[in-house]
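The tour goes from one selection to the next and says what is found at each stop.

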Amino acid sequence: LRPKRNVILAAWGAEELGLLGSRYYVQHPSFPLPLTIAMLQMDMIGRNEERTADPVNHIEEEKPGENTNTVSIAGSLFSPDMKRLIESSNSRVNLKLRYRYDNGQENLLKRSDQWPFLESRIPSVFFFTGCHPDYHKTTDTSDKINYEKLERVLKLVYLTAWEIVESP
């Protein structure tokens, strides 16, 4: 099947250096930015969240065994329509959706590649399965990926993208 709208798949570089790849794209798009209707961002979608409690920043302890079926969505605060599409698509995937990174001390929403799109008023969401102790370390190895969860997250993103390209 061919979707009603075009889909661009992109891999950004230099996120940690200031969102350089996604900022460049927004300034020099391959497809007219005013015609871009959505951006779906995936980053760190294969692990189970694991972190120690940080009461000062109101962060509760997260154990990986408690997060085998969760995915966080950031950015839906800016687009209730996008949130509805994600939730509708999730009825076929059954992940536990969490919406806790739109605000907060970590400023995660503004630290990933969906932010330049949101700044340009393009509905954008960030699919993210959470922080873990191996973040940006060589100990972040493939044996720690929850492949079943990764597959469910990818199905959710695919189904959401399909709803977006097929909807009026």
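Select Met44. With a relative accessibility of 24%, Met44 counts as partly exposed, because that class lies between buried (under 20% relative accessible area) and exposed (over 50%), using a 1.4 Å probe and protein chains only. Met44 sits in the loop between S1 and S2. Its phi is positive, about 55 degrees, although Met44 is not a glycine.

Before moving on, note that this is a predicted model, in which local features need pLDDT of at least 70, side-chain atom pairs count only at pLDDT 80 or more, and totals for chains, interfaces and linings use all residues. Residues are numbered from 1 along each chain as its sequence is written, and side-chain values use heavy atoms, with hydrogens and water left out.

Now go to His136, in the loop between S4 and H4. His136 is not a glycine, yet it has a positive phi of about 60 degrees.

Next, show the strands. Four strands form an open sheet in the order S1-S4-S2-S3, with mixed pairing; two strands pair if DSSP finds at least two bridges between them. Strand S1 (39-42) and strand S3 (96-98) are the edge strands, and each pairs on one side only. From one strand to the next, the twist averages 25 degrees. Strands of a sheet pair through backbone hydrogen bonds, either parallel or antiparallel.

Select residues 70-74 and 124-128. These are S2 and S4, which run antiparallel and are joined by 3 bridges. Pick Ala74 and look across to S4: its bridge partner there is Phe126.

Angles run from 0 to 180 degrees between N-to-C directions, and axes are lines fitted to C-alpha atoms, for helices over the stretch in contact.

Which residues of H2 are buried? They are Met82, Ile86, Ser89 and Asn90. Seen down the axis of H2, they fall within an arc of 100 degrees, so they line one face of the helix; the arc is that of the directions from the helix axis to the C-beta atoms. These buried residues pack against S1, S2, S3, S4 and H4, where contact means heavy atoms within 4.5 Å.

Move to Leu77, in the loop between S2 and H2. Leu77 counts as exposed, at 52% relative accessibility. Not counting residues up to four places away in sequence, Leu77 touches Asp102 and Asn103. Select Val56 as well: Leu77 and Val56 are 21 residues apart in sequence and 24 Å apart in space, C-alpha to C-alpha.

Finish at Arg23, found in helix H1 (residues 20-27). Arg23 counts as partly exposed, at 30% relative accessibility. Gly18, Trp115, Pro116 and Glu119 are the residues Arg23 touches, not counting those up to four places away in sequence. Between Arg23 and Glu50 there are 30 Å in space, C-alpha to C-alpha, and the two are 27 residues apart in sequence.

Terms used:
Helix = DSSP H or I, 4+ residues; strand = E, 2+ residues; numbered from the N terminus.
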